[in-house]
Amino acid sequence: MVWGTIIAAYLFLAGLSAGAFLTSSYAARKYPDAKIVRIVGRLISPILMGIGLLLLIVDAEAGLKDPLRFIYLFTNFSSVMTIGTYFISFFMMAAAYIALMELLKKDINKMLEYVGIVLAVATAIYTGFLIGVIGAVPLWNTAILPILFVVSAFSTGIAGTMLVSAFVDKKVIHHVISIKKFHLTLLISEVFLIFTMFLITSSTNESAAQSVSMLLSGEYSGLFWLGLVVVGLIVPIAIEALELWNAKKLHQTPAGLEVAASGSHGIAATMITESAVLAGGFILRYLLLAAAVPVIFI
Amino acid sequence: MARYGMVIDTRKCVGCYACRVSCQMQNELPVEESYIKFYEKETGVFPNVKNEIIPVQCQHCEDAPCVSVCPTKATYTTKEGIVLVDADKCIGCKYCMVACHYGARTQDHNTGVVEKCRFCAELVAEGKQPACVSTCISNARIFGDLDDPNSEVSKAIVKMNAQPLRPDLGKAKIYYVR
């Protein structure tokens, strides 16, 4: 693995940060009362991105020894990494500014937030383009990958925001039903995207087929089936679907909703779901890096 | 302006690793690090089999993916078509290592800089041959100007119908006779 666990963690954190930003912006519009979700999303977004960038700096050994070299990162416009550096820098500035305004309890410039939303999507999709343009690794070199990364980024972003929000106030999760619905849709889309990506790429090329078989039945099959499919996708899909099913029933009697919201019921399920989604998001990126079989050139 | 390239005749290569050792000496590399890797390939069905030893190093691609992906412009192509790394600009992000179709790059863990075969640019500038070429015991390697039809390397490519390892992966400047 040329790019290992550190880069997987960076890709995961960048997506998570972008997703948390999007979640908070959505919550701010859809649920003006759900302040906690909004504030949590806005605060964790720049923090997580910052951790991700620190990991990148640690992984770039030559730059770590001579940090001024990182300025050159802005110079080659034919490199996806350079373009991503711009996206991330501006996203980081917007996210940090909005988080600061939130802390200072000041109004946030609407235009700036829209710019932030665009940059968040750009950041999430960039992590997919970064490895997607590598022709030397057929598993990555597919148009589905950036879409999968955006869906996964948004999904982990919702999970991270909801998890921290639930710690702050466990009632909050019952008020943001549409976020839960959105989350369920994203998770189901992820299953479909992974299936499509593996099916199509494995039939195009020998190296890609090798990568896919490493994941489905080879070296990484345990982590793939148990870690990604069961923990990262099936468990959260099942719990989320059950919760929504219950919520639907409760909606008919507002009193019932109050009971559910005030009780401890539901909080454990949320903790499990969101942690599982986060674990799955990291495992997805780790597996894609680990199973990167290069083109056979001999 | 010359455009440098090389022919490697795997029919002549005996796998003695002399090219690799001379390359390591020329580039002052530690024992465990090298710019030339050796691959073995067996073709045919018994008893009609051929075993081939294929030395692989940076192919100095015309439209090199390492050059386009490098975010800092540390990797660049000289006017002579040699792909080089500016060690003062490299941050060690390893994007070039991921992008290289031939796995020809290695990271020096003392400096963190990613390096690779440089066609011994400093020797070539003096009019000498790269170390791997001059040290090869079986003359399996020929180096020279690809743009000059009368150069030894151009003639060898035509005469022996030398081909890049994977022409479909882009134009390389190392041609193999297999």
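Contact here means heavy atoms within 4.5 Å. This is a predicted model, in which local features need pLDDT of at least 70 and side-chain atom pairs count only at pLDDT 80 or more, while totals for chains, interfaces and linings use all residues. Residues are numbered from 1 along each chain as its sequence is written, chains are lettered from A in the order in which they are written, and side-chain values use heavy atoms, leaving out hydrogens and water.

**View 1. Where chain A meets chain B.** Here 31 residues of chain A are in contact with 36 residues of chain B. Together the two chains bury about 2,700 Å² (accessible area, 1.4 Å probe, lost on being put together and summed over both), with 61% of it on carbon and sulfur atoms. On the chain A side, A:Arg69, A:Phe297 and A:Ile298 lose the most area to chain B, together 28% of what that side buries.

**View 2. The salt bridge between the chains.** The count between chain A and chain B is one salt bridge (a side-chain nitrogen of Lys or Arg within 4 Å of a carboxyl oxygen of Asp or Glu). Its partners are B:Lys94 and A:Asp59, whose closest N and O atoms are 3.3 Å apart.

**View 3. Helix H5 of chain A.** Helices are DSSP runs (H or I, at least four residues) numbered from the N terminus. Why does the span of this helix agree with expectation? At 1.5 Å a residue, taken times one less than the number of residues, the 23 residues of H5(A) (110–132) should span 33 Å, and the end C-alpha atoms are 33 Å apart.

Key. Helices (H or I, at least four residues) and strands (E, at least two) are DSSP runs, numbered from the N terminus.
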